[in-house]
Amino acid sequence: MGTKISNIEYYLPETLLTNDDLERKFSDWSSEKIENKVGIRERHIVREDETALDLALKAAEKVLKNYDKDKIDFLLLCTQSPDYYLPTSSCILQDKLRLKTNIGAFDYNLGCSGFVYGLALAKSLITSRVAKNILLITSETYNKHIHPKDKGNRTIFGDAAAATIIEKSEEEHIGEFVLGTDGSGYKNLIVPNGGLRNRYDINAKEIDDGSGSIRTDNNLYMNGPEIFNFTIKAVPKVVSETLGKNNTTLDDLDYVVFHQANKYMNEYLREKIGIPKEKYYLNLLKTGNTVSATIPIAIKEALDNKLIKKGDKVLLVGFGVGYSWGGTIIKI
Amino acid sequence: MEKMKTEDFIKELKEALEIEDEDQEITLETNLKELEEYDSLSVLSIIAMIDKNFGKQIPSIDFIKITTIKSLIDLIGKEHFE
């Protein structure tokens, strides 16, 4: 008895923010430089009246076009941008999707490591016979937290949702997990105000980060260099530990999908770890960094473009905000 | 680890900053932050370059204090250089 990923679909909100738009807004920002360095040409942005829950709904509807929604007996929603503190957004989603009411549902708050954690949760729920067919949605809207004058973060992050179905299956297609947490880095990727530790501050002062990006403490803050330092130390270790736990080697793998953070960082990690280019997914050109949606979007794109096929062994590694990280190997 | 020659370090730094002009004079006294090419993206390249050549991660809080290339070398540690 095992578990497998059976379907993935994703949804990108309609509004585009292109590099040319950014170049017009920020005079010293070059469209060409952005694309060459971070590998992003455009990102999709939610409207003012659109939330992560709306994106989750659209992604779920897409995946349920080819799947009987009455088979779903558990709903997992990974987001750091819920509609409310309470009630749970996935409860609202259950109703909007008209799923059965005799199912489990809850939100969990993770970012870039969210999809790998979601797989770990889904595998556990199925293996423990709590559920059989799980709808896992990873939906994020960082742009709602980003200051309009924060050219750095507006360049990097895109909004998106992915819906993944994980089912009970005869053979095990989802391998062993390596999960990690280091809260000492919590301040390096954070929205300081608006939660219960620091309330939203209507008089919050503008802060210049020293390289022309403006924000207030009500907005997303990311210390890029510090995050890069963290990934350089942590990611090679996660890879070797995940390979070890799954009794396999880089050579044995057919493909590798890391969280798509930005081209420069992802390419540096690839080179440092020694993953051949042809086995490594690297594409965020038209989506930007969509946080917990990057990995499922990458898997779907890799499948559609025949970069991976049935039977392939694929290493998945998510890492980022928290700090939180996770790795596993799946068989397509 | 082998020690690095200062000239080689400056060469790698020029590459990391994408300074294409071969004749542009970069010395130990050059203030990194005043270079046209220095921005938040080039900081990533410098971090990568330091990791690749010295296996070290410089905390960003120390990075903020950097002025001249000499100050960067001091931060990495003079013992790594010839």
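**Starting with contacts in chain A**

Among contacts in chain A between residues at least 6 apart in sequence, what percentage join residues at least 24 apart? The answer is 78%, where two residues are in contact if their C-beta atoms, placed from the backbone, lie within 7 Å.

Before going on, a quick note on what you're looking at. This is a predicted model, in which local features need pLDDT of at least 70 and side-chain atom pairs count only at pLDDT 80 or more, while totals for chains, interfaces and linings use all residues. Residues are numbered from 1 along each chain as its sequence is written, and chains are lettered from A and ligands numbered from 1 in the order in which they are written.

**Chain A overall**

Chain A contains nine helices and 15 strands; these are DSSP runs, numbered from the N terminus, with helices (H or I) having at least four residues and strands (E) at least two. Its radius of gyration is 19 Å, close to the 20 Å from the globule rule for 332 residues, so chain A is as compact as a globular protein of that length. That radius is taken over C-alpha atoms, and the rule is 2.2 Å times the number of residues to the power 0.38.

Along its principal axes, the C-alpha trace of chain A spans about 55 × 45 × 35 Å. Of its 332 residues, 50% count as buried. Here's the cut-off: a residue is buried if 20 or more other C-beta atoms lie within 10 Å of its own, exposed if 12 or fewer, and partly exposed in between, with C-beta atoms placed from the backbone.

**A sheet with helices on it**

Look in chain A for an open sheet of five strands, in the order S1-S7-S6-S4-S5, with mixed pairing. Strands S1 (2–11) and S5 (104–108) of chain A are the edges, each pairing on one side only; two strands pair if DSSP finds at least two bridges between them. Neighbouring strands in this sheet are turned by 15° against each other on average, direction ignored.

Helix H5 (residues 114–127) of chain A packs on the sheet, touching S1, S4 (74–78), S6 and S7 of chain A, and its direction makes about 165° with that of S6(A). Angles run from 0 to 180 degrees between N-to-C directions, and axes are lines fitted to C-alpha atoms, for helices over the stretch in contact. Helix H9 (residues 294–304) of chain A lies across S1, S6 and S7 of chain A, at about 90° to S1(A). As for S6 (residues 133–140) and S7 (residues 160–169) of chain A, they run antiparallel and are joined by eight bridges. In S7(A), A:Ala162 is the bridge partner of A:Thr138.

**Zooming in on A:Ser90**

You'll find A:Ser90 in helix H4 (residues 89–97) of chain A. A:Ser90 is buried, because 27 other C-beta atoms lie within 10 Å. Leaving out residues up to four places away in sequence, A:Ser90 touches A:Leu75, A:Leu77, A:Ala105, A:Phe106 and A:Asp107.

Chain B has four helices and zero strands, giving the pattern α-α-α-α along the sequence. Buried residues make up 16% of its 82 residues.

Where do the chains touch? 14 residues of chain A are in contact with eleven residues of chain B. On the chain A side, helices H7 (224–245) and H8 (263–273) of chain A are the elements giving two or more residues, and H7(A) gives the most, with seven.
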